[in-house]
There are 2 protein chains.
Amino acid sequence: MKKPVRKEKPGSDKREHHYLNRMRHHSGKYEEFHWPSVELLINLAYTYEVIHSHLARRLDEHNLSLGAFNVLMVLSRFEGDGCPMHELGELLLVSRANVTGLIDYLARRKFVERTEDERDRRVRLVRLTKAGKKFLESILPAHYSRVREMFKGMSNRDKAALSELLMKLRHSTQSSLKRVSMNGGK
Amino acid sequence: MKKPVRKEKPGSDKREHHYLNRMRHHSGKYEEFHWPSVELLINLAYTYEVIHSHLARRLDEHNLSLGAFNVLMVLSRFEGDGCPMHELGELLLVSRANVTGLIDYLARRKFVERTEDERDRRVRLVRLTKAGKKFLESILPAHYSRVREMFKGMSNRDKAALSELLMKLRHSTQSSLKRVSMNGGK
DNA sequence: TATTGTTATACTCTATAACTATA
DNA sequence: TATAGTTATAGAGTATAACAATA
């Protein structure tokens with residue numbers, strides 16, 4: 001398996017200017033255009049991309065995809081009996097089919113193992129192996145200090161406010177989507 | 001080209017409970033763990049996923065990927081001369097190689113066309129065709145009203161505060177990343 | 001030598017359909 | 001019939017390297 005070295009991307013703020021310029025133009029042109037909403041969408045996407053690509057790059061150094069990392073994180077709370085595969089899918093918003101692939105990969109690296117559920121022989125329980133637990137514990141300190149470092153420029157107060165607002169946005173969006181889908185929107 | 005129908009995913013809030021539970025556990029276990037930062041990361045990722053997957057699904061109904069849509073949006077501000085391909089890449093944080101693919105697709109649908117730059121014969125300028133402009137104008141009203149509808153549950157005040165905080169977070173992260181990369185972090 | 005765009009390639013992520021084995 | 005997991009497949013997104021044409 002070849003592992004090419006990835007180049008980090010600089011944050012060009014040409015982008016910010018372009019977006020603002022485009023918004024100004026469209027806001028006069030489309031009646032449905034709602035500045036605060038569009039601005040929010042752009043900021044959410046752009047900010048997420050910057051953070052996501054940085055973290056993915058760091059995990060890549062351990063040959064871990066973000067999906068695989070998330071699986072390990074979820075399993076770290078299921079020691080003992082293990083977690084049914086379909087439940088992993090629900091927690092990660094990933095389809096059953098794709099969970100199979102992630103677990104296959106992690107099982108090849110001996111980080112997880114599948115066992116059978118005695119009570120329902122259709123389900124397979126997944127749990128961390130000793131090696132998997134050890135591996136996760138070896139990378140988490142660096143991960144957590146990276147997260148802390150990355151967000152250092154903001155006060156805890158701002159972080160809490162931002163978390164709060166993001167949660168509010170998510171709930172609002174989800175209930176709006178539910179409403180639409182009940183009215184026949186696909 | 002087969003187009004299977006996609007199922008919308010319900011927002012299960014099992015997820016939220018699991019995350020909080022895991023954070024509580026790790027916060028006692030890892031010294032580097034910083035609750036406000038980790039909470040923020042999780043909220044950012046989860047909220048983005050919900051919104052992104054909804055919008056991607058809607059664009060899919062026009063056989064448009066999010067990337068292709070973004071290209072059209074960028075080009076809508078470059079009428080006249082057109083935009084060099086490498087600049088498209090910078091504005092979308094996408095590599096030159098991948099821009100080629102997006103433009104190929106949009107050119108096949110006759111939404112964009114490539115012309116040559118007289119002043120520098122290495123570069124190719126891309127611009128919307130009449131058909132492309134018409135297409136974009138036909139889908140934007142629904143797009144913008146969807147965005148507005150999606151965020152309806154929040155006040156404009158909250159939206160503005162959220163935008164502001166996201167921008168702050170992005171700038172803080174970017175300068176932190178720049179600092180790390182200057183100190184030899186790859 | 002450096003840059004623009006292209007081609008080739010590869011891995012991740014997401015999504016669906018069809019299959020099996022259980023319930 | 002319905003659910004859990006698997007297999008196969010496909011398209012989107014991202015990334016790198018090597019190349020031709022031009023600067």
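## Chain dimensions and fold

Chain A has a radius of gyration of 21 Å, whereas a compact globule of 186 residues would have one near 16 Å; the radius is taken over C-alpha atoms, and the globule rule is 2.2 Å times the number of residues to the power 0.38. This is a predicted model, in which local features need pLDDT of at least 70, side-chain atom pairs count only at pLDDT 80 or more, and totals for chains, interfaces and linings use all residues. Side-chain values use heavy atoms, without hydrogens and water, residues are numbered from 1 along each chain as its sequence is written, and chains are lettered from A and ligands numbered from 1 in the order in which they are written.

Along the principal axes, the C-alpha atoms of chain A fill a box of roughly 60 × 45 × 40 Å. Chain A holds seven helices and three strands, in the order α-α-α-β-α-α-β-β-α-α from the N terminus. These elements are DSSP runs numbered from the N terminus (helices H or I, at least four residues; strands E, at least two). Of the 186 residues of chain A, 46% are buried, that is, under 20% relative accessible area with a 1.4 Å probe and protein chains only.

## Relation of the two chains

Chain A is superposed on chain B by a rotation of 180 degrees with 0.0 Å of shift along the axis, at an RMSD of 0.1 Å. This is the relation of a two-fold axis.

## Second largest pocket

The second largest pocket has a volume of about 550 Å³. Of its 27 lining residues, A:L66, A:N70, B:Y19, B:A45 and B:E49 are the closest to its centre. A pocket is an open set of points on a 1 Å grid over the protein atoms alone, with protein on both sides within 12 Å along at least five of seven lines; lining residues have an atom within 4 Å of a point. Volume is the space filled by probe spheres set on the points, which are joined across faces, edges and corners.

At least two lining residues each come from α2 (35-60), α3 (66-75) and α6 (130-150) of chain A and from α1 (14-29) and α2 (35-60) of chain B.

## Cavities

Three cavities of 30 Å³ or more are present, a cavity being a set of points where a 1.4 Å probe fits but cannot get out. The largest cavity contains about 100 Å³ of space. Its lining includes A:E16, A:Y19, A:E39, B:M167 and B:R170.

How values were computed: Copies are superposed by least squares on the C-alpha atoms of residues with pLDDT of at least 70 in both. Buried means under 20% relative accessible area, exposed over 50%, partly exposed in between (1.4 Å probe, protein chains only).
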